[in-house]
Every structure is written in structure tokens, then in C-alpha cells.
Amino acid sequence: MRARTSDGDWLEKSGGRVVHVEEIPAREADFIDAGYPMTEFMQSALQSIGVERLYSHQAEAIEVARQKKNFVVVTGTASGKTLCYNVPVLESIVESDRTAFYLFPTKALAQDQLRGVKRLLDADPRLGDSIVAGTYDGDTSQYARRKLRTAGNLVLSNPDMLHAGILPNHSGWSRFFSRLRFIVLDEIHAYRGIFGSNVGNVLRRLKRIANHYGSDPQFLCCSATIANPAELAGRLTGEPVTVIDRDGSPRGPKRFILWNPPLLDKHSSERRSSNVEAKNLMVRLVKEGVPSIVFSRARITAELIYRYAREDLIEKRKHLADKIAVYRGGYLPKDRREIERRLFEGELLGVTSTNALELGIDVGSLGASILVGFPGTIASTWQQAGRAGRTSEESISILIAYNDPIDQYLLRHPDYFFGRSPENAIIDVENPYILERHLRCAAHELPMEERDEESFGPHMIPILEALEDQDTLTRLKERWYWARQDYPAADVSLRNISDATFTITENLDPVGRDQRTLGTVDAVSAPELVYPEAIYLHGGETYFVRELDWENRVAYVERKEVDYYTQAIVESTIRIGDTRQSAPIPGGMKMLVDATVSWMTVAFKKIQFYNMDSIGWGKLDLPGQKLETVALGIHVNGETVGLLSERNLKVSEGFAGVRNLLLVVMPLYAMCDPSNLGGIVESSNTGVPTLFVYDRFPNGLGLSEKCFYIIDEIFQAALELVRDCPCSKGCPSCVGMPRMPQLHHDPDHQLGFPMPSKEAATVMLEILAQADREVPF
């Protein structure tokens, strides 16, 4: 990839926008032969896709798999991880008539990997004749499903389908399970928090079914770079794993650039639109013939940047306007797959995307990646940046900051950004609330026995006995049997989001007789994206939402050219119910309460394209949405308020920082992901400022409850974190993170929250943790 254009290094002519350039050196390929030769047909298949020799990590993984050991491969983006499992799997199917499950966190990834498998199968008739491969998910036809059940030996699916569609109907898969040799888990860094804890239990149910049919499968795992790959893979699978992390793939030199949009004028604190900056960079790269991807934090942003870039290209280089596309959730599967195909085959020069393309879909060889706003984690940042530079040629990655405190801090402190290690991925498969749901499912699949405790852990028998007392299970001769007529897997969602979706239907004539399905949106997001009078952006085009039909879950839209987009105004509240427990703590009180978190779209703003001026607004009357859950509440007493006041500090400022610190520390104790907890500081429930941290899952999962009992340890850990941070007034490593902006808002038009007071948070934690006070700031 050419970072220098025909008229000089345009990055150096950025007008002061480039605040830091990190030079990442090239790396030579490290080739090595496997322990013993691959089969002739496998060698010819690899040669057909241009692979003459194996990288060191590929050879090591194949050797470990042949030794019948589980592994997790942790190497960079585009390092050829898929061959680490494709080679041993395909060899075992052809030579030993075995079967394999490939599990991916998304349907799109399964489809992409199926294309990769088929490229190998097409290379040699022996492979094509021996292997029946296909995806098994919600988009699979009934005919294809029957074929895979009766004749398939390589099934690509996702944990949700395995949980609800395959395991409860395992008798129809008896042939497949009896021959199961490998379970492949790709992109395991996506299995974290509640989702990962659920997936870990699904895998234990899968092993149990496989053992029932006489097989004992191996796990072959792959992950992006995280801090704890061995721990995560081991907890997911319940098995020991060998870590393979010596990356033997080549890498060209990369320049990672931190880019700050300029101030509007020297007297202003406002900056030029980050979206427009991204558009300009994308257009410049496309003109130079550099294949590029632009990542954004919201669907609306991906659509806006695409629209702006396309309009620019139509005006200046019309023949290039069709060389770019936008990719995000909510598009129809056939539309997403067409974009994926065009990317892989090199038909596109640019794509704007949400994090939907962050996972390992093969997008071909890209020369540049642009990240619009800090993605939220170091791991995601490097995953997105790694989408460029998939060959030995030079590449660039550019992080464009938004004008919010976190992004601006990172640009002022590049050493912090480039010196940080990726985050840990945390799961808790033995969480009693999660385990109880899966033990119901497991008992429905096969009777439970005491020996299953080896897989499900020490909480299993007490939970089974409780279910027996509820007449959910019946115990006969040391076995627990499902005693009800319902289907428990249908009531268990693996993810903490709604499974319901709305269809977005375009009216092609005034009376609505001629219609087409434009896309879909999940039920939680519908009130923020397709409310009446909203402008829905799809493929860069503007659609006016005529009606949102709640009963039939349909949003009716019509094509309408306007010069603005809309942004929902959402109000959220928390209302507490019964107090489960309460107790005094140093400087205040803690309580565990039932809570209802509500949010409602109450109005919308009209925002003009490009200049972001608000040109109008409208009121809305839509049903609210609720999350019934459990929350941990903390409030301080008058003495603590007085101690803060003596130093001219406010309780609200202290709680703002403590909230952010607890949302970082509590997941380590609750064994969950930060996204599984929410936090809010408000006064309406108790009459005084109160911090509530709640489980972001219906009816709670015991996360806040667990922290209620050990809050003193958590306060101490949070205090150590803020004290050990070398900053003076607060930064993303202490009181400044995490931020939780509204998911579907354009960050360009949503100012970040100010950095909380480090001093106020520290003083408050010193009181709550009963710690000795340090010298004043």
C-alpha cells in the first residue's frame, strides 16, 4: 500500500491534524514444516489457494491437533489462523470418516468460512466427494437442514442454533455426534461476559451429548490478541488447552496515525466534524487506488460517512462512486453477502462499516483502515487496525478522534495508547443463575446424573435438588428427569439483547400495494431508529418513516430526498422496588434492591447534513421499554458530604468517578464483562445522590448481588486503581472510563461526558474503604 501519493506525502500536509505517528516495523515470515507430511490431497488443496509452505504457528497447531490435544491459536489479523484447524479437520474427515462442528459468534462469519472451505474442496475431487459441508442457522432451508443431519460431516453454525436447534433434537443427529472428532471455536474473544458464560455451558452440554453417542471431541480454538487466551479457552471448553502464540506470518510496515480534527477557530473549543474528516481521508485513499475500510461506532455514522464520500466522488470522480459501499447490521443477508463478495474479490476500493466487519470475515487485501473514534477497548482498536496490512506491503491505520474527553486524552498521551496491553476476557460458567437455566436444558436433552458434576461444577446437585422441589425435575434411581411438557431452550437467550426484530418495509407506491423488504432492526433499537417521522439511512439514501407498527413489528418507510437526518432523544430512569438487603458501610449505606430500568424515545432532532446544525425537532409518543433487574445501591451520609464540602468537592462529582471505577473493577469480582453491568447516579429514589449499579439482564444474574457482599474489597481495589494511576486530574485508566453513549447516536453530535474529578472520587473512596487519607492533590 502506498502511503505517499503522487503529489507528496499528504499526511504531512494535514494542517496539524496528525498529532502522532507510530512506526510499526515489518516482520519476515517464519516458515516451518509440520511434524510429519500432510496428505497429498491436502497439499494440492493448499497449493491451489497459493499456500506452498506453512507459517510456524500453522505447523505447530497442526502438530498439536494430530497429538489429540486441544489448542488456542492467538496470532494477528490475517495470519492464516483458519488453516490451523481446516487442515487437521479436513484430513480427519477424508481419512477417518469423522465429523466436525465449526462454531462462530455470527452467521456472517460462518458463511464466510464456508466459502473458504469450498475453495479448498474445489481443488481436489477427493475432497469434494468426501466432504459434505454447509451452514446450519436460521437462514438455512429445510432441505439443506435435512441433508446436513443425514449426510453432513462438516457443519458450520453458531452457539445460538446449537443451543436451541441442535442439542434439544440430538437424536436426529446421532450419526453426526457418534463420529464427532473436532469442535472448532473461532473468534473466541467474542465469547465474554454473559454471552461467554452461556456459551461455556452450551459447550458442556455439547460434550455431554457427544459422550452419550460414544465420541470424545477435541477443541480447536482461535482468538484475536487478548490478555488471557489460555484462561478463556479453558473456561469455555472445560478442558486444558495448549497456547500457540508465536506468529509466523509476515507483516509489512505499518504507520499508525493519531488524527485530531482542527478547532473551528482559535477561540472555539469545537472541532471540525470527525465524520467529514473520515470522508475526506476515505475519498483521498480511494482516488489513490488504496483499498480502505472505515470503522465507526454507530450505524448512523457508517451511513453518513458513506453518503458524504459517495456524493464527493460523484462530483469529482464519478467512475469511483460505485467502488465504495456501506456494511452494517440490519441489512438483508443477501445484501451483506454481496458486499462481502465484492470486498474479497477486489471490486470495492472502500467500505464504511460498524464493528460488524471487525471479526474475521475475509475482506481481501486492504491498504488502509480508518477508525472514527476510539472503539472502547485496546483489543478492538488493534483488531480494527489489523484489517489493513494483510500482506507484506506497507499499510496505514488512522484513528480520528471525536471531540470528547476520552478521545482527546488518548491523543494527548500516545504512550498510554500504544503501551497498553489488550484487556482480559472474563466469563463465569458456574454462575448459579446461568447454570440453572442450562441444567434445565441439559435435563431435557438427557437425564442428569451425579457424574455430570465433573462438567457442570459443584453447584449442579444443589440446583438439581431445587428444581426437583419445584417439580421441574423428577428423580428416579439417582437420575434427574425433565418432568414438564415445555421446551426449556426456547426460554433461554444466550445474549442479553432482544431476539425480536422489526421488518423495515418500503412502500413503492402511495397506497402501499407495492412493497419490498429493505432491512431489519432489533426490537430494542427500533424506537431509536425507525420512529414515526424519522429519517432512516440505508445505503446512504434517505427514507422517511411513515409508521411504526408495534403489533406486527413493521416499520413502513418511503424514499424521500431530504437534506437532514434525525437523532432520537431518549430518556432513561431507574426506579427501585423492594429492598432485598441493606447494611451500613463506612460513610454511608449499601442496599440490594429490585430495580426497573426504563428508557423511552420522547422526541427527535433534525440535523442538517455536513454542518450538523439542528434545524428542528418533534415530539413522540412511543411505548417505553423496561428492564426488570437487580441493583446495588450506594449512598453517603451527611458526615461524608461535609468532608467533601470542606475541600470544595461535590458528592455528584465523586460518585461520577466512583461509578466509572466500579464499572471497571466490579466485573473482575462478578466474573463478567463490563458491558453486562450498567450504572447511574441519581437522587429521585432516595432523596440524596445515590449510585446504582445494575445487572443488564432480565431479572438479574446475581452480579450485583455478589458484589453487595464484597463491596469493601471492591472499594479497596477501586481506591488502589485510582491511587496507582500516575495522572493528576483523571484519565481513561481511572475515573474517565467507561463511557456509555447512546448506541445509535452520531458521536459527532453527542458531546462526551466531562472527565470526573479524580480528587472527589479518591476522597469518597478513602471514606468508603476506611483507608488512610493520602496527601491532598
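Leaving aside neighbours within four places in sequence, which residues is Ser-292 in contact with? The first legend answers this.

The model is predicted: local features need pLDDT of at least 70, side-chain atom pairs count only at pLDDT 80 or more, and totals for chains, interfaces and linings use all residues. Residues are numbered from 1 along each chain as its sequence is written, and side-chain values use heavy atoms, with hydrogens and water left out.

**View 1. Ser-292 and its contacts.**
Ser-292 is found in strand S10 (residues 292-295). Helices (H or I, at least four residues) and strands (E, at least two) are DSSP runs, numbered from the N terminus. Neighbours within four places in sequence aside, Ser-292 touches Leu-285, Leu-349, Gly-350, Val-351, Leu-366 and Ala-368. Contact means heavy atoms within 4.5 Å. Ser-292 counts as buried because its relative accessibility is 1%. Buried means under 20% relative accessible area, exposed over 50%, and partly exposed in between (1.4 Å probe, protein chains only).

**View 2. An open sheet of 7 strands.**
The strand order is S1-S9-S14-S13-S10-S12-S11, and the pairing is mixed. Two strands pair if DSSP finds at least two bridges between them. Strand S1 (18-24) and strand S11 (324-327) are the edge strands, each pairing on one side only. From one strand to the next, the twist averages 15°. Axes are lines fitted to C-alpha atoms, for helices over the stretch in contact, and angles run from 0 to 180 degrees between N-to-C directions. Strand S13 (residues 368-372) pairs with strand S14 (residues 395-400) in the parallel sense, over 5 bridges. Here Leu-371 has Leu-399 in S14 as its bridge partner. Helix H12 (residues 299-316) lies across S10, S11, strand S12 (350-353) and S13. H12 runs at about 170° to S11.

S16 and strand S17 (residues 479-482) run antiparallel, joined by 4 bridges. Leu-473 has Trp-482 in S17 as its bridge partner.

**View 3. Strand S24 and its pairings with S23, S25 and S26.**
Strand S23 (residues 564-585) and strand S24 (residues 588-608) pair in the antiparallel sense over 19 bridges. Ile-569 stands opposite Ala-603 in S24. The hairpin of S23 and S24 has 2 residues between the strands, and Gly-587 takes a positive phi near 80° there. S24 also runs antiparallel to strand S26 (residues 625-636), with 12 bridges joining them. Asp-594 stands opposite Val-630 in S26. Another 5 bridges join S24 to strand S25 (residues 614-619), again antiparallel. Ala-603 stands opposite Lys-619 in S25. In the hairpin of S24 and S25, 5 residues lie between the strands, and Tyr-610 takes a positive phi near 75°.

**View 4. Helices H9 and H10 in contact.**
The axes of helix H9 (residues 193-212) and helix H10 (residues 229-237) come within 7 Å and cross at roughly 50°. H9 is therefore oblique to H10. Angles under 35 degrees count as roughly parallel, over 145 as roughly antiparallel, 65 to 115 as roughly perpendicular and the rest as oblique. From H9, Gly-196, Val-199, Gly-200, Leu-203, Arg-204 and Lys-207 meet Gly-234, Arg-235, Leu-236 and Thr-237 of H10. The residues of this contact divide into 3 nonpolar, 4 polar and 3 charged. Ala, Val, Leu, Ile, Met, Phe, Trp, Tyr, Cys and Pro count as nonpolar, Asp, Glu, Lys and Arg as charged, and the others, Gly among them, as polar.

A disulfide here is a pair of cysteine sulfur atoms within 2.5 Å. For Cys-84, the closest cysteine sulfur is that of Cys-222, 5.6 Å away and too far for a bond. Cys-84 counts as buried, at 0% relative accessibility. Cys-672 is in no disulfide either, and the nearest cysteine sulfur, in Cys-707, is 7.2 Å away. Cys-672 counts as buried, at 2% relative accessibility.
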